[in-house]
Amino acid sequence: MEYTVRAPIANFTDLLLDAVCMVDAGGRFVYVSAAGVNIFGYTQQEMIGMRVVDLVAPADLARTLAVVQDIMNGQVHSNFENRYVRKDGSIVHIMWSARWSEADQLRVAVARDVTALKQAQAMQSVLYAMSEAAHASDDLADLFSRSHAIVRELLPASCFGVALCDKAGQDMHFAYLVDDGAPCDASLMPLLCETVAQCAAPLLLAPGAQDMLPAPLRTVAASLAGGALAVPLTTSDGVVGVIALRNGPDDAPYRTQDRDLLVFVADQLAAAIGRKQLHAQLRFMALHDELTRLPNRRLFHDRLDTALAHARRQQERLSLLFIDLNRFKQVNDSFGHACGDRLLQEVARRVSACLRNSDTLARLGGDEFVILLEDIALAAAAGLVMDKIHLALVPPVELGDGQWLQISVSVGVAHYPEHGSTREELISHADKAMYAAKAAAYIAGSEAHQPA
């Protein structure tokens, strides 16, 4: 059957901002108003005779067919939303009102493009979701996992990764990477992130559009089945990382609106990363010595209390080594405080190299250091550590400007449970033992300089 739409009606419908569509019983367009060109990207002539279902996004096809059947059965549908694939491959969100005209054997519908509204709603949703994720996550790994779940609801992504720059901004590492897609060149995501970090701008990869890429990335992207998208994570300190996605060959290609949405996600994620890193930095500063980066008195006391509680439960031993630099005041007076600071940093480095990963070296203040040795089977083991420390400090320390200094330390030892069962008792015993060792070293040094 052939349908003819009267010219006056067609002229009026072409003035509408929403598209008016008429579809025959076989599901093919017989009329589309001028607004349909903006919505679908096809000319009016191209759309006549096309099947509506051929334009519906695959993910929405089943529920669209169910609604079409309801309309064909006489129901009127208002405000039904689904997605269509435009001529250029991009996705458009449509809100429909439709009814079936039995007399004309036509399905008449009015279509409104709500893509911009959906984009705004998605960004608002991202804003709330990312804010909640930032407050609910315990650390960056948890934050990235929550961010992945948020992005997965918005964009197809068989691979999702967050790469962070090191403090120097030179190297990148993936702090989070999940790849559920088909196997591909493993170098794609690292190269993509490195390129985006260097240019500090979003990068969208689509099949057949690699000509403008750097040579290494162009070679890898040439075999890409699907698309990829990456945007920088930017804070006031510059680019701190990159968030990157890759989709599969069966997914719709990434488009400009997808890039804009991911940029918005990246802005929220970068702000959250900045807050997390600032909190971590403040926490580190509160619990560590600024000069040596070692645990400070507060953190050491907390670790010692925890270790004592564990030792009591497990009936294990632990030891404390209290260390003090000999004649450190003379170093400051003779060479200056800057040289004294370098000396403390070098002592911290050498002593740390003598310890296990499970041991704790802390700076209590000034030239006083303390070591916690957990799970010590024999008290003599602490003596072996003390011998290693004395040996490590034998080589002179360079203070700069060609100045070298021979140093030594006095060490006092306390063992749990022999010398106390509380933090205060053990520290006091180790402190007294250190001063006794210092006095003995002073006497020995004085005697060594007496005339024969």
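Helix α7 (residues 188–199) comprises twelve residues and extends 17 Å from its first C-alpha to its last, close to the 16 Å expected at 1.5 Å a residue. The expected span of a helix is taken as 1.5 Å times one less than its number of residues. Helices (H or I, at least four residues) and strands (E, at least two) are DSSP runs, numbered from the N terminus. The structure is a predicted model, in which local features need pLDDT of at least 70 and side-chain atom pairs count only at pLDDT 80 or more, whereas totals for chains, interfaces and linings use all residues. Residues are numbered from 1 along each chain as its sequence is written, and side-chain values use heavy atoms, with hydrogens and water left out.

Within α7, the buried residues are L188, M189, L192, C193, T195, V196 and A197. Residues are classed by relative accessible area as buried (under 20%), exposed (over 50%) or partly exposed (in between), with a 1.4 Å probe and protein chains only. The buried residues of α7 pack against β6, β7 (172–179), β8 (203–205), α8 (215–221), β9 and β10; contact here means heavy atoms within 4.5 Å. Just after the helix, A200 adopts a positive phi of about 55°.

Helix α9 (residues 256–287) has 32 residues and should therefore span 46 Å at 1.5 Å a residue; the distance between its end C-alpha atoms, 46 Å, agrees. Its buried residues are D258, L261, L262, V265, A266, Q268, L269, A270, A272, I273, K276 and L287. An α-helix has 3.6 residues a turn, so residues three or four places apart point the same way. The elements against which the buried residues of α9 pack are α5 (115–136), α6 (140–152), β6 (159–165), β9 (228–235), β10 (238–246) and α10 (297–314).

When residues up to four places away in sequence are not counted, D258 touches L155, L229 and P253. L154 belongs to the loop between α6 and β6 and is partly exposed, because its relative accessible area is 30%. Neighbours within four places in sequence aside, L154 is in contact with A122, V126 and L261.

In helix α5, L117 is partly exposed, because its relative accessible area is 45%. The C-alpha atom of L117 is 8.9 Å from that of H93, 24 residues away along the chain.

Strand pairing was assigned where DSSP finds at least two bridges between two strands. Strand β1 (residues 19–24) pairs with β5 in the antiparallel sense over six bridges, and D24 stands opposite L106 in β5. β5 also runs antiparallel to β4, to which eight bridges join it; R107 in β5 is the bridge partner of W100. β4 and β5 form a hairpin with four residues between them, and Q105 in the turn has a positive phi of about 55°.

A search of the whole structure finds one cavity of 30 Å³ or more. On a 1 Å grid over the protein atoms alone, a cavity is a set of points where a 1.4 Å probe fits but cannot get out, and lining residues have an atom within 4 Å of a point. Grid points are joined across faces, edges and corners, and a volume is the space filled by probe spheres set on the points. The largest cavity has a volume of about 180 Å³. Its lining consists of 17 residues, of which V68, Y84, W96, A98 and R107 lie nearest the centre. At least two lining residues come from each of α4 (61–72), β3 (77–85), β4 (91–101) and β5 (106–113). By class, twelve of the lining residues are nonpolar, four polar and one charged. Ala, Val, Leu, Ile, Met, Phe, Trp, Tyr, Cys and Pro count as nonpolar, Asp, Glu, Lys and Arg as charged, and the others, Gly among them, as polar.

Strand β11 (residues 318–325) is mostly covered, with eight of its eight residues buried. L318, L320, F322 and D324 point one way from the strand, while S319, L321, I323 and L325 point the other way. β11 is antiparallel to strand β13 (residues 368–374), with seven bridges, and to strand β16 (residues 409–416), with eight bridges. S319 stands opposite L373 in β13, and L325 has V409 in β16 as its bridge partner.

Notes. On a 1 Å grid over the protein atoms alone, a cavity is a set of points where a 1.4 Å probe fits but cannot get out, and a pocket is an open set with protein on both sides within 12 Å along at least five of seven lines; lining residues have an atom within 4 Å of a point.
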